[in-house]
Amino acid sequence: MFFARWKTLSILAVCLFGVLLCTPNLFPKASLPSWARQFSLGLDLRGGSYLLLEVDMDAVVKERLESLADASRTRLRQANVGYVNLAAEPANRRVSLRVRDMAQVPAAMAQLREQANQIPTSMGATTPDIEVASTPDGVVTATLTEVGLRAKATAAVEQSIEIVRRRIDETGVSEALIARQGQARILVQLPGVEDPNRIKELLGKTARMTFHLLDETANVAAATPPPGVMFLMGEARPGQPETRYAVRRRVEVDGANLTDARAGQDNRTGEWVVNFTFDSIGTRRFADVTRANVGRPFAIVLDDKVITAPNIREAITGGRGQISGNFDARGANELSVLLRAGALPAPLTVVEERTVGPELGADAIRAGILALALGAVFVFLYMGLAYGLFGWLADIALLVNIILLLAALSVLEATLTLPGIAGIVLTLGTALDANILINERIREEYKNGRPPLSALEAGFTKASGTIMDSNLTNLIAMACLYAFGSGPVKGFAVTVAIGTIVQMWTATTLVRLMVSWWYRTTRPKTLPVIEDGRGFWGRMARPLFRIIPDVTRIPFMKGARVGLLVSAVLSTASLIGAFYPGLEKGIDFKGGIVMEVRTPGPADLAALRSKVSGLGLGDVGLQAFGDAETVLVRLPVQADEGGTQQAVNAVRAGVEQVAPGARILRVEAVGNRVSDELFLGGMIALAISMLAMLVYIWFRFEWQFAIAAIITLILDTTKTVGFMVLFNVEFNLTTVAAILTVIGFSANDKVVVFDRMRENLRKYKTMPLRQLVDQSINETLNRSLGTSMTLLLSALPLALFGGDTLSGFAWVMLFGIVVSASSSVFIAAPIVLYTGQHSLRRGGPEAAPAAAGGKGRAPAGV
């Protein structure tokens, strides 16, 4: 309990530093110095759109192979190498041809090798991106290598990220987040954007503009184009049939050489056009092409569609040109934005979309703050009244814990989401777990006859190992959730993990410092840990109640067999229910679309259902949601990712027709591939967390404890799943977070009981194992129930006031807390008893007579 002055100053400095780091969050970002850091609110709190884009890697491969085929065709002709059947084969990732003369095979292979791009490798070396080979019958192939494919994919994603950033910047959206996710996906967060349709349209266009000569000799009515030519459709014009063009594949001038593009109006006709300017290379190339082809048609192609194909009247040497077409003001402006930002190397598809309106965001903030405030009040009062002075000191440490948690989020410039607020609320409960352990140990040591200072020393020292073990299991669960979770759920994992780490420090260091101050100031002859205080302040300094008496001799193991049997029956029924009727999967795991719509007046459900059902999007579900003006629309997963976005747009338009002025408050759209990945990630997180806890408990305890823990965790998880089936709670990423939190708490609770069993095994060498297990449970009963109570008190406001997003999460948590507390007694302990009868207590029941005679026996509750 001694603290050197430098230690005291260091602890106070950490607390003060935490307050200073939190302070910038109270001020607008624009008024802060550059060094100040703030955490930001997630889209679910302030409103906005979350888009997950996927780069079409098949298009990247196809473009590389077609470019290789075109270049090879030119080179082989120039080298007078005769060939047939030159074609790009994207399915096989190769270009193939057959050389007519076997003697020319080496020359053909050499020409193909010269088309290779050199990929940098380690130590400054390079390797080609294609592998050229031949067969005895003269077939030459150039296959894209794995190294080349990875390099192409990396370059495509990096280039796409940069172009997406430019396009979004052009739209004026502020504080947009654009980041790579995985190998071929781009995450885009757009704060304040309620309707991301325009953004999606901009991002969904490749915007690759190229200039080609037309092949005037080709028959455009033919089924297939001649070699080196492609048939492309012209831009549709009102009242006119679509025109088909025979466009030469060779790119005469690339849009990548554009330096500027601006919307404007033609001085002669008044129609909207896009004026563009080339760089020096593009200017020279454009001049050469137009000079050599006066009188011939010259096509401007944008994303495989011919915008216009005018005849070249004269050489254009100034590097300036004009694109005319069927443009209005918006279309011309959008095209100019796309051309200025540059062309995407491959199409982007929206595979996941989540949009939240600012109204819902404000409601979520209010609900989160209310849940946090109520949880704090309940937990603070419980700790103060149940543990007296030491409980009030723990409450002070809890305030510092929250400040340091927010400071850490600020330093990381983390994004605080609604699940993140739930994590802070749960931190209120879990953060006091260590204080409860310490207070119970101090009480136990003091009642065992130690003087005050010795009891304080022993309480903090003996509880530290258990605190470390119990909290590490929770960190393991959060690490698995962060590794395999997605989006806001990662924020929940980070928040809980930081809170867990900070609370270990505040409980074992800050509270110890405050207790040492109190002791040095008062030099008490007794400790305020027993309910015998006199007067108001005496009663406030000492605990006012205990959940159960200190000394209990409940024979829990008499119900061991019944507990295991009941647990097995409930878990079996839960497993059956998980398959039939089955869990109600949320769109995270089954894909689909959920849209929350608010109409100007009471919603006409019949008209809305008729309209949306007539869109041909599959089985549509509509229901009133909360009030008469709000409707929840559910659509099944569509056939492809592009179809998902088309369905969202179709429903928007249909709702607007039925209820003009209706607002889309929320959109969640998850495609097939993403939902499968999220489901697999959730299952892996559950499996790995259990395996990691098994390994950790096996390492820290005997194998019997590890087996008991993992079996109990599995049974707790299955019962939680049964609860979700019974009450139709959606199985989604948020409830997976709840299950993982339950697993962490369950392991935490069992570690404390196991730790006391291990201590008693060393202390009472001859006590029968059955009696020792009962005694260990009785000794830790107040601690287990106390921690369960703080968690229940913090989670209950989430269930009642946390809103629709968190209600399922909170109810799963509440059920899991009750199940975990009971399973420590009626499942884990009996398994240790039955597996350890002959190994933990050699001789087993034969040791009973010695214990009964008084040797080595201690009264329960000591």
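Helices (H or I, at least four residues) and strands (E, at least two) are DSSP runs, numbered from the N terminus. The structure is a predicted model, in which local features need pLDDT of at least 70 and side-chain atom pairs count only at pLDDT 80 or more, while totals for chains, interfaces and linings use all residues. Residues are numbered from 1 along each chain as its sequence is written, and side-chain values use heavy atoms, with hydrogens and water left out.

Five cavities of 30 Å³ or more were found in a search of the whole structure. A cavity is a set of points, on a 1 Å grid over the protein atoms alone, where a 1.4 Å probe fits but cannot get out; lining residues have an atom within 4 Å of a point. Grid points are joined across faces, edges and corners, and a volume is the space filled by probe spheres set on the points.

The largest cavity has a volume of about 140 Å³. Its lining comprises 13 residues, with Leu437, Arg441, Val752, Arg756 and Thr780 nearest the centre. Two or more lining residues come from each of α11 (433–447), α12 (452–484) and α21 (733–763); α11 gives the most, with four. By class, three residues of this lining are nonpolar, two polar and eight charged (Asp, Glu, Lys and Arg count as charged; Ala, Val, Leu, Ile, Met, Phe, Trp, Tyr, Cys and Pro as nonpolar; the others, Gly among them, as polar).

The second largest cavity holds about 90 Å³. At least two of its lining residues are supplied by each of α12, α21 and α23 (781–801), and α21 gives the most, with four. This lining has two nonpolar, seven polar and one charged residues, including Asp433, Asn471, Asn748 and Leu791.

Definitions and conventions
On a 1 Å grid over the protein atoms alone, a cavity is a set of points where a 1.4 Å probe fits but cannot get out, and a pocket is an open set with protein on both sides within 12 Å along at least five of seven lines; lining residues have an atom within 4 Å of a point.
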